[in-house]
Amino acid sequence: MALTGLDIYKLLPKTNCKKCGRPTCLAFAMQLAQKKANLSDCPDVSEDAKNTLGAASAPPIKLVTIGANGKKVQVGEENVLFRHDEKFYHPTGIGITICDDLSNEAFDERLKKINQMKVSRVGTEIEIDLITLINKSNTPEKFADAAKKISEGSHHCIILSSTSVDNMKSALANCAGKRPLLHGANAQNCASMAALAVENKCPMTVTAPTLEELADLAECAKKAGVEEIVLDVSGDNPRDVLQKLTKIRRAALKKNFRAIGYPAITLVLEEDPFQEISLAATYVAKYAGIVVVNNCEPWGIMPLLTVRTNLYTDPQKPIQVEPKLYSIGDVKENSPVIFTTNFSLTYYTVEGEVEASRVPAYILSVDTGGTSVLTAYSGDKLNDKTVAKAMEAAQVASKVKHKKLIIPGLVAAMSGKLQETLGWEILVGPREASGIPSYLKTEWHN
Ligand code: SF4
């Protein structure tokens with residue numbers, strides 16, 4: 001069981017010396033219990049207390065790092081079951097498979113396609129994280145050659161997948177510097193695979209039919225010296241996979257059950273590509289640390305990356321764009337001026353529709369603390385004064401020769417007051433951003 005703040009307090013020096021940056025030992029103990037402080041912040045804690053508290057204050061789910069030097073993927077170290085309770089910290093690593101039995105041409109083509117898999121969303125470029133090399137040939141030579149090609153030809157982190165320890169050893173010889181995740185340890189080969197992982201300082205997965213056996217195997221790998229373990233819960237039955245993922249997260253967080261306090265991986269290798277992506281998205285939501293798919297098409301990967309991005313934003317901090325005047329296209333002094341809020345999703349939706357209209361326009365992003373149009377309006381963060389302030393700060397009047405401002409249709413009610421405050425003609429735009437292209441093409445005349 002996790003120690004409470006009072007349990008921890010009893011083990012601290014109780015001098016209230018403030019060297020830890022907290023006013024009292026009790027305050028420090030409470031923060032330690034909530035995992036908001038590090039034990040190392042207290043320089044006077046005794047060795048005995050360190051031993052007891054060190055284990056108790058370790059994260060319930062171990063952090064695992066795949067990769068080295070360049071790109072790294074970190075999974076695990078999550079504190080909550082539900083995003084709104086705090087936030088999720090380490091986004092699920094998304095991997096795509098590539099098999100070592102492909103012809104040279106097919107292999108190079110797929111690798112190139114995986115490398116180029118990038119999506120731009122709300123102003124940020126997002127991409128997959130891992131390439132999973134499957135030892136389908138079951139030969140050490142092909143596995144090793146393919147590992148070399150990926151190591152030299154991709155910036156992504158690597159998962160090597162084989163149940164053969166010898167084949168794994170050959171492939172690892174060509175990419176150990178990239179610190180790949182070794183995938184394929186089971187009850188039969190766990191000891192040898194663990195020895196290989198320790199020798200090369202790599203993380204490894206373990207797989208077993210039941211959670212009890214999985215815990216035993218993880219313990220076996222840990223005793224062999226593997227620090228970073230990932231639990232493989234791949235399977236054909238989605239209900240079974242989802243149950244295992246949920247039980248692992250619950251056991252680690254609620255019961256502090258250290259034996260399975262590791263992130264989990266699931267390989268979702270479905271024949272139906274739609275089913276594959278929909279299951280992968282489900283596992284991203286609950287609670288896979290890594291999800292691997294066969295699908296290598298933008299239409300499949302884009303929604304998966306979008307689901308992950310949405311889940312791993314901080315629910316308490318709206319994503320914002322800089323509040324200012326943005327020029328879309330070759331704007332001139334007769335170009336329309338539209339305002340919206342500085343909530344990223346709102347802004348980029350409006351920006352996308354203005355771009356689609358091919359009518360060069362100014363978009364004034366009003367600072368509403370990153371809230372959407374209606375939320376800001378109902379909270380009085382979007383009113384005639386805030387819009388006037390944003391217009392003045394961006395010197396909109398000096399950029400255009402007209403005095404017309406297009407406002408979101410959702411806040412048509414503020415048009416009268418705004419016209420009075422600004423002295424500009426207020427044009428009520430569409431309620432939905434999707435109406436902007438036709439509005440600009442048919443309604444804007446200047
Ligand atoms: Fe207490 Fe240690 Fe903090 Fe001093 S540094 S107040 S002894 S917890």
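This is a predicted model: local features need pLDDT of at least 70, side-chain atom pairs count only at pLDDT 80 or more; totals for chains, interfaces and linings use all residues.
At roughly what angle do the axes of helix 9 and helix 10 cross?

**View 1. Crossing of helix 9 (residues 238–254) and helix 10 (residues 273–285).** The two axes cross at roughly 15 degrees and come within 10 Å. Since angles under 35 degrees count as roughly parallel, helix 9 and helix 10 are therefore roughly parallel to each other. The crossing of helix 9 past helix 10 is right-handed.

**View 2. Residues at the contact of helix 9 with helix 10.** Helix 9 contributes P238, V241, L242 and L245, which meet L279, T282 and Y283 of helix 10. By class, this contact comprises six nonpolar residues, one polar residue and no charged residues.

**View 3. Length and buried residues of helix 10.** The 13 residues of helix 10 should span 18 Å at 1.5 Å a residue, and the end C-alpha atoms lie 19 Å apart, which agrees. Buried positions in helix 10 are E276, I277, L279, A280, A281, Y283 and V284. These buried residues pack against strand 3 (93–99), helix 9, strand 11 (264–268), strand 12 (290–293) and helix 11 (298–311).

**View 4. F257 in the loop between helix 9 and strand 11.** F257 has a relative accessibility of 38% and therefore counts as partly exposed. Leaving aside residues up to four places away in sequence, F257 touches A251 and A252. Between the C-alpha atoms of F257 and L211 the separation is 12 Å, the two residues being 46 residues apart along the chain.

Conventions:
Residues are numbered from 1 along each chain as its sequence is written. Side-chain values use heavy atoms; hydrogens and water are left out. Axes are lines fitted to C-alpha atoms, for helices over the stretch in contact, and angles run from 0 to 180 degrees between N-to-C directions. Helices (H or I, at least four residues) and strands (E, at least two) are DSSP runs, numbered from the N terminus. Angles under 35 degrees count as roughly parallel, over 145 as roughly antiparallel, 65 to 115 as roughly perpendicular and the rest as oblique. A crossing is left-handed if the near helix is turned anticlockwise from the far one by less than a right angle, and right-handed if clockwise. Contact means heavy atoms within 4.5 Å. Ala, Val, Leu, Ile, Met, Phe, Trp, Tyr, Cys and Pro count as nonpolar, Asp, Glu, Lys and Arg as charged, and the others, Gly among them, as polar. The expected span of a helix is 1.5 Å times one less than its number of residues. Buried means under 20% relative accessible area, exposed over 50%, partly exposed in between (1.4 Å probe, protein chains only).
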